[in-house]
Amino acid sequence: MKKAEILDEIWEVIEDRAIHPSETSYTTGILTHKKGVDKTLEKVGEECTEFIIAVKNGDKKRVSEEAADLIFHLLLALKRSDLPLQSVWDELSSRRH
């Protein structure tokens, strides 16, 4: 699977969980948490800190795991802010010119 394809696939799952909540879904739990957007942002901060520590410790396996967690929670934060993922792709693309 291509790199962007996995991000698009994850984004589709996030979008689906936002429209069709599932009581057993972690994604739904974060998107509908009683703390609202604060819970999502707490998770971004937590994962960012764990990523930084993994990089600092030179633990490549943990860096990979924490990077994946950070990207996932960043996508959740984008969804909570009602920003389409395409706007991020467009911004990144505009920086290449």
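Let's start with a crossing: helices α1 and α4 cross in a right-handed way. Keep in mind that you're looking at a predicted model. To find the two helices, look at residues 3-19 for α1 and residues 60-80 for α4. Their axes come within 10 Å and cross at roughly 45 degrees. An angle like that makes α1 oblique to α4.

So who does the touching? On the α1 side, the contact is made by Leu 7, Ile 10, Trp 11, Ile 14, Glu 15 and Ala 18. Facing them from α4 are Ile 71, Phe 72, Leu 75, Leu 76, Leu 78 and Lys 79.

The crossing of α3 and α4 is left-handed.

The α3 side of this contact includes Val 37, Leu 41, Val 44, Cys 48, Phe 51 and Val 55. From α4, the residues taking part include Val 63, Ala 67, Leu 70, His 73, Leu 74 and Ala 77. Charged residues join in as well, among them Lys 43 and Glu 47 of α3 and Arg 62 and Asp 69 of α4. Taken together, the residues of the contact of α3 with α4 split into 13 nonpolar, 2 polar and 7 charged.

Technical notes. Residues are numbered from 1 along each chain as its sequence is written. This is a predicted model: local features need pLDDT of at least 70, side-chain atom pairs count only at pLDDT 80 or more; totals for chains, interfaces and linings use all residues. Side-chain values use heavy atoms; hydrogens and water are left out. Axes are lines fitted to C-alpha atoms, for helices over the stretch in contact, and angles run from 0 to 180 degrees between N-to-C directions. Helices (H or I, at least four residues) and strands (E, at least two) are DSSP runs, numbered from the N terminus. Angles under 35 degrees count as roughly parallel, over 145 as roughly antiparallel, 65 to 115 as roughly perpendicular and the rest as oblique. A crossing is left-handed if the near helix is turned anticlockwise from the far one by less than a right angle, and right-handed if clockwise. Contact means heavy atoms within 4.5 Å.
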